[in-house]
Amino acid sequence: MTKKAIVWIREDIRIEKNEALAFASQNHETVTVLYIYNPKLFDKKREAQKWWLSKSLENFKTDLDRFNISLEILSDDEIKVFSNIKKKDDVTIYWNKVYEPDVISNGKKIRDTFIKNEISYKYFKGNILLEFQELTKDDGTPYKVFTPFWKKTEQTYLDKIPSKILKIKKKQKKTIFFKKTISPKDFLPKNDWFKKFDKYWTPSENEAKKYLQSLIKNKIKDYSENRDIPSVEGTSKLSPFLKFGQIHVETIWNECQEIKSKGMGYRKYINELGWREFSHSLINYFPQMLKGNLRKDFDNFPWVTNNKFLERWKKGMTGYPIVDAGMRELYETGWMHNRVRMIVASFLVKHLRIHWMEGEKHFKNCLVDYNKASNVAQWQWVAGCGADAAPYFRIFNPILQGEKFDKEGTYTKKWVPELKNMPNKFLYKPWELENKYQEQIKVIIGKDYPSPMVIHEEARTAALAAFQSLKKN
Ligand SMILES: Cc1cc2nc3c(=O)[nH]c(=O)nc-3n(C[C@H](O)[C@H](O)[C@H](O)COP(=O)(O)OP(=O)(O)OC[C@H]3O[C@@H](n4cnc5c(N)ncnc54)[C@H](O)[C@@H]3O)c2cc1C
């Protein structure tokens, strides 16, 4: 056994239930935690997450100090960093797995480097309930439908003997391994759009624990009703913490199991964790979906290129208040409520017929919880070209969606304050309010708030025609 250990962290920025970190601290004299910031993965692609990552690493550094473990950050390419580690460095490398096809193939190259350089290494299960390789249908093929997938995953996971929880051990002294390290502040985005996120989030393990407690105590009981109402904080908001591993999904699962009376809220919540598992399974069995439609019949879909419309959608200036509220919530907070994500996504791919990949790209840049698997699977679910997807012909009516899920307009008026005096009857179709009343409330549609960029009925008809055209191919 070497004296030194390096724990390479990626999406496991936590002390608790961090197997690689615990194992290394139990078995080596000194431990260095390494984060490799690879600009190729972030710059101009994941600006919101750069902020989350930077703050998370700052907070994690303080957490690790208590254990005399240093956090060292390098800005480089992973393979380059690891090829420079040699046998004489007397170090073992540890990590927890990440389940994305390109990360897995990069991992193989890294392992080859270690073998060539005679470096010992060990890796552990990542932030998932069941690894995708553990689960296929009885005939050995992967699942494409959620319900049977989740039924089997849940049962297999429940039947598994839980892994022993190793605890992190305090080291006697802190050491420094790498030269030319950087500070988390060095990769904060250059523009200061993200600064307002400070108002909404504290990216730390401790905060994740508080969110989990709040879910169990205050939210889960009524989750099945409240999860669809964007004005109510009815969901866990744990998604960015899960993405960066400030909490392990098994920790959430275990806390949920402790609930004495497990009602519909519990069931629905656990199901959502299932969708996260399903998305990971899909992108690994069908990696082609990361680059295009899972359903090949959609390859001939007549998408529209319209940059002006795309920009208006991104800015929350479509003229459909519930859509604009969602897009503005995203830009302001780095997060958007799930019901509204479905509405804005449907609007982009059906009302505007702009390719789902444009929406996927925008979400990737703006979401603090961006997750490659969930994002791509959900965009394709909405577009109708994914696994077990919503049928394309089911087109959300943004007026009715607003009236149904934000009846009082609390959410919409919060994010679209120009409409704060709009009577609720007209909130989701403000262009129908007579001009004289628009003047009275000092909101002129087309001047103070945009006119609708497309007419719902016309857009719906055009979308259905486009969909029908697929069948003729
Ligand atoms: C177009 C679109 C894009 C999306 N992109 C992402 C993304 O990049 N990252 C992401 O984590 N989620 C994504 N989702 C799923 C979902 O909107 C978010 O997971 C959820 O809103 C996060 O809030 P929460 O933590 O309060 O969720 P909760 O309702 O508290 O759910 C608990 C957890 O379950 C998981 N989850 C919930 N719903 C889904 C779902 N439909 N698919 C997969 N996992 C789910 C998340 O990890 C979430 O934290 C997307 C949904 C849509 C419609």
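## Overall form

The protein in this predicted model contains 20 helices and 5 strands. Its radius of gyration is 24 Å, close to the 23 Å that the globule rule gives for 473 residues, so the protein is as compact as a globular protein of that length. Along the principal axes, the C-alpha trace spans about 80 × 50 × 50 Å.

Of the 473 residues in the protein, 39% are buried. When contacts between residues at least 6 apart in sequence are considered, 78% of them join residues at least 24 apart.

## Nonpolar core

In soluble globular proteins, nonpolar side chains tend to be buried together. Here the largest nonpolar core has 91 residues, and those with the most contacts inside it are Val7, Trp8, Val33, Leu34, Tyr94, Val344 and Leu348.

Tyr94, one of these residues with the most contacts inside the core, can be followed in more detail. Leaving aside neighbours within four places in sequence, Tyr94 is in contact with Ala5, Val7, Trp8, Ala20, Phe23, Ala24, Lys122 and Tyr123.

## Domains and their contact

The protein is divided into domain 1 (4–126), domain 2 (128–162 + 205–285) and domain 3 (296–468). The C-alpha centres of domain 2 and domain 3 lie 27 Å apart, and the contact between these two domains involves 16 residues of domain 2 and 19 residues of domain 3.

On the side of domain 2 that touches domain 3, α9 and α11 each supply at least two residues, and the largest share, 5 residues, comes from α11. By class, this side of domain 2 has 7 nonpolar, 5 polar and 4 charged residues.

## Surroundings of the ligand

The ligand is surrounded by 26 residues, of which the closest are Thr235, Ser236, Ser239, Asn375 and Gln378. Elements that give two or more residues to this shell are α9 (239–243), α11 (264–285), α14 (338–351) and α16 (372–383). Sorted by class, the shell has 11 nonpolar, 9 polar and 6 charged residues.

Both domain 2 (128–162 + 205–285) and domain 3 (296–468) give residues to the shell, and the ligand therefore lies between them. Two of the helices that contribute to the shell, α9 and α11, also each supply at least two residues of the side of domain 2 that touches domain 3.

## Lysines in loops

Lys17 is placed in the loop between β1 (4–9) and α1 (19–27), and its phi is near 50°, a positive value in a residue other than glycine. Lys17 counts as buried because it has 22 C-beta neighbours inside 10 Å, where 20 or more are required for that class. Not counting residues up to four places away in sequence, Lys17 touches Ile165, His248, Glu250 and Thr251. Lys17 and Val304, by comparison, are 287 residues apart in sequence and 47 Å apart in space, C-alpha to C-alpha.

Lys44, found in the loop between α2 (39–42) and α3 (47–65), also has a positive phi, of about 60°, although it is not a glycine. Lys44 counts as exposed, because it has 9 C-beta neighbours inside 10 Å and the limit for that class is 12 or fewer. Lys87 lies in the loop between α4 (78–83) and β4 (91–96) and is likewise exposed, with 11 other C-beta atoms within 10 Å. Not counting residues up to four places away in sequence, Lys87 touches Asn117, Glu118 and Ile119, while Lys87 and Asp76, which are 11 residues apart in sequence, are 21 Å apart in space, C-alpha to C-alpha.

## Arg460 in helix α20

Arg460 lies in helix α20 (residues 456–472). With 17 C-beta neighbours inside 10 Å, Arg460 counts as partly exposed, since this number falls between the limit of 12 or fewer for exposed residues and that of 20 or more for buried ones. Arg460 and Glu47 are 413 residues apart along the chain, and their C-alpha atoms are separated by 33 Å.

Note on methods:
Residues are numbered from 1 along each chain as its sequence is written. This is a predicted model: local features need pLDDT of at least 70, side-chain atom pairs count only at pLDDT 80 or more; totals for chains, interfaces and linings use all residues. A residue is near a molecule or strand if its C-beta atom, placed from the backbone, lies within 6 Å of it. Helices (H or I, at least four residues) and strands (E, at least two) are DSSP runs, numbered from the N terminus. Ala, Val, Leu, Ile, Met, Phe, Trp, Tyr, Cys and Pro count as nonpolar, Asp, Glu, Lys and Arg as charged, and the others, Gly among them, as polar. Domain bounds come from an automatic or database domain assignment. Two residues are in contact if their C-beta atoms, placed from the backbone, lie within 7 Å. A nonpolar core is a set of buried Ala, Val, Leu, Ile, Met, Phe, Trp, Tyr and Cys residues joined through C-beta atoms within 7 Å. The radius of gyration is taken over C-alpha atoms; the globule rule is 2.2 Å times the number of residues to the power 0.38.
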